[in-house]
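Here's a quick briefing on charged side chains and how they pair up. Have a look at the structure first, then read on.

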Amino acid sequence: MKVNLAEIKFDDAGLIPAIVQDVHTREVLTLAYMNSESLSLTLETRETWFWSRSRQQLWKKGETSGNTQEVVEIKVDCDNDALVLLVNPAGPACHTGATSCFHNSAEDAREGSRVNKSSANTLSDLYELIARRKQERPDGSYTTYLFDEGLDKILKKVGEESAESIIAAKNQDPQRLVSEVADLTFHLLVMLVEKGVSLEQIQAELENRSKKRLTEKNA
């Protein structure tokens with residue numbers, strides 16, 4: 001892999017977008033960002049390293065999940081301000097367990113906007129999916145990895161996602177906050193499934209608290 005770092009055009013934040021693509025299927029796996037250090041590490045180790053804009057730190061893909069990406073080739077666009085990385089993935093690219101982060105179609109999004117599906121139903125569906133993952137343990141699933149690692153790993157991820165949500169809120173980036181809170185919610189649901197706590201139990205607790213506040217207000 002020959003990439004001339006001197007010719008790479010990083011943006012004002014010192015970053016360059018990197019599109020990660022499966023070298024075998026040519027499926028786009030994710031879009032991430034690199035700075036000069038993460039790009040140098042990627043060239044040196046032949047595994048993907050990126051720069052986290054929310055955490056403001058380097059991160060190696062698969063460092064905690066084991067889903068590393070062996071870099072086969074790096075392509076630079078004609079303006080030297082974007083990269084394509086052809087990789088041999090060792091597992092799913094998405095934290096949800098999906099092969100690609102781009103697993104939601106625009107058509108699905110439009111259909112979803114027409115169907116008034118409550119957030120409660122969405123959480124319930126996701127909870128049930130996570131519960132099935134725990135029972136079936138499909139190979140290559142990030143959720144399977146979490147359950148295989150056990151409660152300590154799950155709690156560590158909850159802590160990490162909580163911190164990232166706080167950072168996103170402090171940075172006043174609404175879309176980043178939405179993304180981080182979604183990650184946190186996913187890992188909280190994994191924790192609940194691992195501990196055998198249902199969403200109905202959480203709902204009942206919230207309803208009891210609401211009734212208690214109403215009683216106190218009217219007292």
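This is a predicted model: local features need pLDDT of at least 70, side-chain atom pairs count only at pLDDT 80 or more; totals for chains, interfaces and linings use all residues.

In total, the structure has seven salt bridges, and the notes below go through some of them.

- Lysine 157 and glutamate 160 pair up through their side chains, with an N to O distance of 3.2 Å.
- These two partners sit three residues apart in helix α5, which covers residues 151–170, so about one helical turn lies between lysine 157 and glutamate 160.
- Lysine 157 also has a salt bridge with glutamate 161, where the closest N and O atoms are 3.8 Å apart.
- Here the spacing is four residues, again within helix α5 and about one turn of the helix.

**Burial around lysine 157**
- Lysine 157 is buried, at a relative accessible area of 11%.
- Glutamate 161 and lysine 157 are both buried, whereas glutamate 160 is partly exposed, with a relative accessible area of 26%.

**The pair in helix α6**
- Arginine 176 and glutamate 180 make a salt bridge too, their closest N and O atoms lying 3.6 Å apart.
- Both belong to helix α6 (residues 174–195), and they are four residues apart, so about one helical turn separates glutamate 180 from arginine 176.
- Glutamate 180 counts as buried, at 3% relative accessibility, while arginine 176 is partly exposed, with a relative accessible area of 22%.

Technical notes
Residues are numbered from 1 along each chain as its sequence is written. Side-chain values use heavy atoms; hydrogens and water are left out. A salt bridge is a side-chain nitrogen of Lys or Arg within 4 Å of a carboxyl oxygen of Asp or Glu. Helices (H or I, at least four residues) and strands (E, at least two) are DSSP runs, numbered from the N terminus. Buried means under 20% relative accessible area, exposed over 50%, partly exposed in between (1.4 Å probe, protein chains only).
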